[in-house]
Amino acid sequence: MSLIVNELTKCYGDKKVVDKLSFKMDNPGVYALLGTNGAGKTTTIRMMLDMIVKDGGEVLWNGKPLNPLETPVGYLAEERGLYPKYSLMDQLIYFAKLKNVDGKEAVSRIKYWSDRLMLDEYLYPDRNSKAKKKKKPLTAEQLSKGNQQKIQLMAALISDPKLLIFDEPLSGLDPVNTDLFKSIIHEEINKGKFLIMSSHQMATVEEFCENITILNRGKDVLSGNLNDIKKSYGRVNLVVKCDEDFSDIINRRNINISELTPDGIWMKVKGEEEAAAILNDLIKEGKTIVRYELNEPSLHEIFVEKVGGANEKN
Amino acid sequence: MKKIDITGWKKIYSFTFFQTLKSRAYKISLLVLCLVALISCPVMCFFNDTDAKVTDDKGEETDNSSSGINVSYFNYDKKDDYLNDLYEKWSKEPGIKTEYISDDKLEDYKNKINDKESDYCIFVINNVDKMYSLEFFAGWDDTLQTEKYDGFINDMEKDLGNLQIMKISGAKNIPESVNVTGTIGKSDQEYSSGSDGLSYTITLIYIVFFVFILSFAGESIASSVVTEKSGKMVEFLMISVRPMAILVGKVLAVITCVMIQIFAVFCSFAASSIATNMLFDRNVLNETLSIVQNMNTSRLEFSASPLIVFVVILYFAGGLLLFSLIASLAGAAVSKIEELSEGIVLYTFTLIIGAYLALFTAINRDIGSGNSILSEICSLLPLSSPFYVPYQVISGKTDAVTLITSLIILYVCIVLWIWFASKVYEYMLFYNGATLKLKDIIKIACNGKVKEEK
């Protein structure tokens, strides 16, 4: 299986909101679409799902144009939507039927995901109740935002699709539910699914994604394998913490300090040689080194550099 | 539009249908309507009894005021079955009172008309050389009077023509001399209680009833569309079905719900009528049906009742469909549920135009001098024809050509709306911003976009 997005373009008037965007996934895994607000991520996703008309380009799934009406796609939208006044069970069965899952199968899948996402008390309010009178089915407006998001995730996964598209899946979740969502995402990846994920949370992207595309104003400013991208930047982030003051060494070598924290001083070095020289200086001067770390730039830094730099040029 | 564009509409239909049935607003409105229908017969009974008592007190005046048209006969062989049949038939026309008059009385009528003492119309039917001729006397404005009694005159002519054909073919014995005179008269007082007054009242009731139904259906559809749009459910739906399937499923579901409401109201009315019949010995349902049955349906060449019912249903369904489509676009024109009242202005505006035009034409036709051009326009305009034509059909005040043309225009307009909606609905569902105006929607249809910015 493979997913190919080829020169996808969308214009509103004269403005190109997505400009010849291309990427591909040859193997199951997670592909991240990154970008600032208004960069074109959601428009790209909507075009991929055939919700809006493309002004150019194509999306191929297994070599054929992707048609969500024929190929089941699990979609978790950025702005979650549930019918506020309808019962949760009715909605989930409806969403399953829309995805051609028959009634009985839908009920058993809802049960599975209800257990997995710990939603039994909302979907089966009578299960543990000893009262004779049946409780009224719960509606979406009676749920917290996090639980609504879980229902949305259920709706996205209920047809067991091979291709998943999650737009900001973890936004607004508490740490416990974030971990729950992450574990489910890991499970889906292990099942061999293709996941396109858009997110602002760089740490999450680094945790899941092998490949990324950074969008800025509809244009692809950086794309490729995340590890390769990081390697191309080299290890330039140095963190040092000593018991004694070592500011003279930093000043002597004219090093840029990024941040001063109780955990140490964060510096930008030119490369591994300069980092090694600083370490030599610290040892020579007999400083007690508590922490010494030399890292590649984080995705956050790369993102800010690429997007911020591009915006400054404009 | 391809088949795939509406694939999945049944799923949307069944979900929307059952959720609307379950909704509290629907249950409450259904309950209220059924209650109103249930109490309507006893209430009508009560008021009719009061009216009867008042009329009885007036004695002879009652007879005069209830008479809208007088047809009189003289000097003919009462054994002639044909004329007796016609006599029976004409006497069943609403508001017609028949009496035998003498030559002297006929002359007296004519003199009164000439002296402008009476605004009666007189028909004289002569049989000369086995040919019938129909003469018409009206004192003050022959043309105007003829227009007013156009339907009835047509009936008379047709009946006499048939009679003549039968006589010529020798089916029965022909009386040697037949001379029939009919008079038709109206005074200002009689308009309110005559057949045209009744016609106006029924038109008014029908228009109000239809506006109520369209308002409910339109509101339901528009709010359902904007709820899905603002709540972003539409994004989830659109990876499973196309926008047109959403539109079709939703519109048909709401129309079905409305039809169920109407059916329930009719059942309640029938139950109320049966109960009233048992308790007060009055059959309001039959009385109402007989009023409708007594209306003139003979101008239509195909005046069979089931066909008329079918034509009325076609208009009703067409009107419901057309206005529901307008409502769905009105709902898609706004981005937030709070802005729905602003977006639905377009819908309300078209509804008011249609209903008021029909109402104005009905008033003009029945109470005023009558304007056939306005009536034709109102019959042909798709916004007003669903309000105006059904009663015209029932009361036989339209002809087959106008009716068929009007139906064709209505359904072509619906098809055009569906085509238009298929061009703009997708864009509108994802549009977020200020409420779209009609000109914006037309721009979308032409250019695929409304503004330069997103």
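What share of the contacts in chain A with a separation of 6 or more comes from residues 24 or more positions apart, and how do helix 17 and helix 19 of chain B meet?

A: In this predicted model, residues 24 or more positions apart account for 70% of the chain A contacts that have a separation of 6 or more. Chain A holds 11 helices and 14 strands, its C-alpha trace spans about 80 × 55 × 35 Å along the principal axes, and 34% of its 314 residues are buried.

Where chain A touches chain B, 26 residues of chain A and 22 residues of chain B take part. Strand 2 (15–25), strand 6 (73–76) and helix 2 (88–98) of chain A each supply at least two residues to the chain A side, with helix 2 of chain A giving the most, 4 residues. That side of chain A comprises 18 nonpolar, 2 polar and 6 charged residues.

Turning to the pair of helices within chain B, the axes of helix 17 (residues 372–380) and helix 19 (residues 400–430) come within 8 Å and cross at roughly 40 degrees. Because angles under 35 degrees count as roughly parallel and those of 65 to 115 as roughly perpendicular, helix 17 of chain B and helix 19 of chain B are oblique to each other. From helix 17 of chain B, B:Glu376, B:Ser379 and B:Leu380 meet B:Thr402, B:Thr405, B:Ser406 and B:Ile409 of helix 19 of chain B, a contact that by class has 2 nonpolar, 4 polar and 1 charged residues.

How values were computed: Residues numbered from 1 in each chain as written. Chains lettered and ligands numbered in written order. Predicted model: local features only at pLDDT ≥ 70, side-chain atom pairs only at ≥ 80, totals over all residues. Buried ≥ 20, exposed ≤ 12 C-beta atoms within 10 Å, placed from the backbone. Contact = placed C-beta atoms within 7 Å. Nonpolar A, V, L, I, M, F, W, Y, C, P; charged D, E, K, R; others polar. Axes fitted to C-alpha atoms, helices over the stretch in contact; angles between N-to-C directions. Parallel < 35°, antiparallel > 145°, perpendicular 65-115°, else oblique.
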